[in-house]
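This briefing concerns a pairing of strands, a nonpolar core and a pocket. Please consult the sequence and the structure shown below alongside the text.

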Amino acid sequence: AGCWDGPDEPSPSNSQKRYYIEAEKDISFLMDLFSYHDNSQKKLRSMSRIFLSRSIKHGGTTICFCIEKEDGAFKEISYLKSLSNLANYFKTSRLDQMDSRFEQVNVRILNFLKRVIQTCPMAAKLVGRQVQSCFPHKRLEIDYQYLYLKSVLHLSRCTENLQDQLLRLCFRKLIALDSEAK
């Protein structure tokens, strides 16, 4: 939920037309997503509001998220970079560094990915590619394989448009693990 503000067409002499995100649950959701961006601390510092607008960097041809600062300035922030970093979470995590909260974090991330895909169905393709590229190598510890497989199966139950792709991936990986064990 939000509202449009500003002129219909962006130009250097006036502010762009903006769609401000107003619902607390949407703001919370976006803040969680943007926290995975490479420059999240810098981009989110002194944030007052989040809005959608035509991208200045891309000639006004795409719509992007922007963070409005307390002084009125704004910075664009890529949800695609944030999603990519979120999907890479498992790839960079080490089992020996995980504590008892890992399962809770894992469930939170999976629910978050589910909501991203429901909100933006086009993101399913990106999430599917990232899940596949981040799948642990068959020679890594079985604990990695188990956690990742469990997470992918959970995600497949939650996302109809990814279910077939994720299940095929799981079967291929399980067959590869089985043939490696023999």
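Leu52 has Phe65 as its bridge partner in strand S4. The model discussed here is predicted.

**Strand pairing**

- Strand S3 (residues 47-54) runs antiparallel to strand S2 (residues 18-21), and 2 bridges join them.
- Within this pairing, Tyr19 is the residue that stands opposite Leu52 in S3.
- S3 also pairs with S4 in the antiparallel sense, over 7 bridges.

**Largest nonpolar core**

- In general, nonpolar side chains in soluble globular proteins tend to be buried together.
- The largest nonpolar core has 34 residues, of which Phe34, Ile50 and Val131 touch the most other members.
- Elements that each supply at least two residues of this core include H1, strand S4 (63-69), helix H6 (123-133) and helix H8 (160-181).
- H5 gives the most to this core, with 6 residues.
- Beyond its neighbours within four places in sequence, Ile50 is in contact with residues including Tyr19, Leu30, Phe34 and Phe65.

**Second largest pocket**

- The second largest pocket holds about 270 Å³ of space.
- It is lined by 13 residues, and the closest to its centre are Phe29, Leu30, Phe65, Thr119 and Cys120.
- Its lining comprises 10 nonpolar, 1 polar and 2 charged residues.
- Helix H1 (24-34) and helix H5 (102-119) each supply at least two residues of this lining, and H1 gives the most, with 4 residues.

Definitions and conventions: Residues are numbered from 1 along each chain as its sequence is written. This is a predicted model: local features need pLDDT of at least 70, side-chain atom pairs count only at pLDDT 80 or more; totals for chains, interfaces and linings use all residues. Side-chain values use heavy atoms; hydrogens and water are left out. On a 1 Å grid over the protein atoms alone, a cavity is a set of points where a 1.4 Å probe fits but cannot get out, and a pocket is an open set with protein on both sides within 12 Å along at least five of seven lines; lining residues have an atom within 4 Å of a point. Grid points are joined across faces, edges and corners, and a volume is the space filled by probe spheres set on the points. Ala, Val, Leu, Ile, Met, Phe, Trp, Tyr, Cys and Pro count as nonpolar, Asp, Glu, Lys and Arg as charged, and the others, Gly among them, as polar. A nonpolar core is a set of buried Ala, Val, Leu, Ile, Met, Phe, Trp, Tyr and Cys residues joined through side-chain atoms within 4.5 Å. Buried means under 20% relative accessible area, exposed over 50%, partly exposed in between (1.4 Å probe, protein chains only). Contact means heavy atoms within 4.5 Å. Two strands pair if DSSP finds at least two bridges between them.
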